[in-house]
Amino acid sequence: MLGKAHLRKNSFKSAKGRSMKKDVEHYMHLPYEIIVKKLSKDECGGYLARYKDYPLVMDDGENEAEAIADVKKAFRFVIEVDLKEGIK
């Protein structure tokens, strides 16, 4: 699901040239932009958060902080599945 070229390989070279395996925390700390939108009353209110580069990874919350925390949990799940399936 995470299809960026820099995410396709699951290892990288350390400063000493040794190969290191990327883990969930590596991907969680990359500088992805999260977009937050206030939902109208017609949309049931609250806030929707999504990753700019991964628009299908989204979640909502009663406030901005909750929406961001929830979308980060969803993104973590996607990464964990991708790593387990060997996609990363």
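Trainee: Is R76 buried, exposed or partly exposed?
Mentor: R76 has a relative accessible area of 27%, so R76 is partly exposed. Keep in mind that this is a predicted model.

Trainee: What does R76 form a salt bridge with?
Mentor: With E25; the closest N and O atoms of the two are 2.9 Å apart. E25 sits in helix α1 and R76 in helix α2, 51 residues apart, and the pair links these distant parts of the chain. E25 is partly exposed as well, because its relative accessibility is 35%.

Trainee: How many salt bridges does the structure hold?
Mentor: Three. Another one joins the side chains of K52 and E33, at 3.7 Å from N to O. K52 is in the loop between β4 and β5 and E33 in the loop between α1 and β3, so this pair ties together parts 19 residues apart in sequence. K52, at 47% relative accessibility, counts as partly exposed, and E33, at 43%, is partly exposed too.

Trainee: And what about E43, which side chain does it meet?
Mentor: E43 meets K37 in a salt bridge, with 3.4 Å from N to O. E43 is partly exposed at 37% relative accessibility, and K37 is partly exposed at 42%.

Trainee: Which strands make up the open sheet?
Mentor: Three strands, in the order β3-β4-β5, with antiparallel pairing. β3 and β5 are the edge strands, each pairing on one side only. On average, neighbouring strands of this sheet are turned by 20° against each other, ignoring direction.

Trainee: How many bridges join β4 to β5?
Mentor: Four, and the two strands run antiparallel. R50 stands opposite M58 in β5.

Trainee: Where does α2 lie?
Mentor: α2 lies across β3, β4 and β5, and runs at about 150° to β5.

Trainee: Now the rings. How many aromatic pairs are there?
Mentor: The count comes to five. One of them is Y32 with Y54, an edge-to-face pair with 5.5 Å from centre to centre and 80° between the planes.

Trainee: Why does that pair tie together separate parts of the sequence?
Mentor: Because Y32 lies in the loop between α1 (24–28) and β3 (34–38), while Y54 lies in the loop between β4 (47–51) and β5 (58–61); those parts are 22 residues apart in sequence. Both Y32 and Y54 are buried.

Trainee: Is the pair of Y51 and F75 stacked or edge-to-face?
Mentor: Stacked, with the centres 4.2 Å apart and 25° between the planes. Y51 is in strand β4 and F75 in helix α2 (residues 64–85), so the pair ties together parts 24 residues apart in sequence. Y51 counts as buried because its relative accessibility is 4%. F75 is buried as well, at 1%.

Trainee: Which residues do the ring pairs link into a cluster?
Mentor: Y32, Y51, Y54 and F75.

Trainee: Last one, for the whole chain: what share of the residues counts as buried?
Mentor: 30% of the 88 residues. The chain exposes about 6200 Å², and carbon and sulfur atoms supply 54% of that. Among contacts between residues at least 6 apart in sequence, 35% join residues at least 24 apart.

Note on methods: Residues numbered from 1 in each chain as written. Predicted model: local features only at pLDDT ≥ 70, side-chain atom pairs only at ≥ 80, totals over all residues. Heavy atoms only, no water. Phe/Tyr/Trp six-rings, centres within 6.5 Å; stacked < 30°, edge-to-face > 60°. Buried < 20%, exposed > 50% of the residue type's maximum accessible area, 1.4 Å probe, protein only. Contact = heavy atoms within 4.5 Å. Areas by Shrake-Rupley, 256 points an atom, 1.4 Å probe, with all protein chains shown as cover. Pairing = 2+ DSSP bridges. Axes fitted to C-alpha atoms, helices over the stretch in contact; angles between N-to-C directions. Salt bridge = Lys/Arg side-chain N within 4 Å of Asp/Glu carboxyl O.
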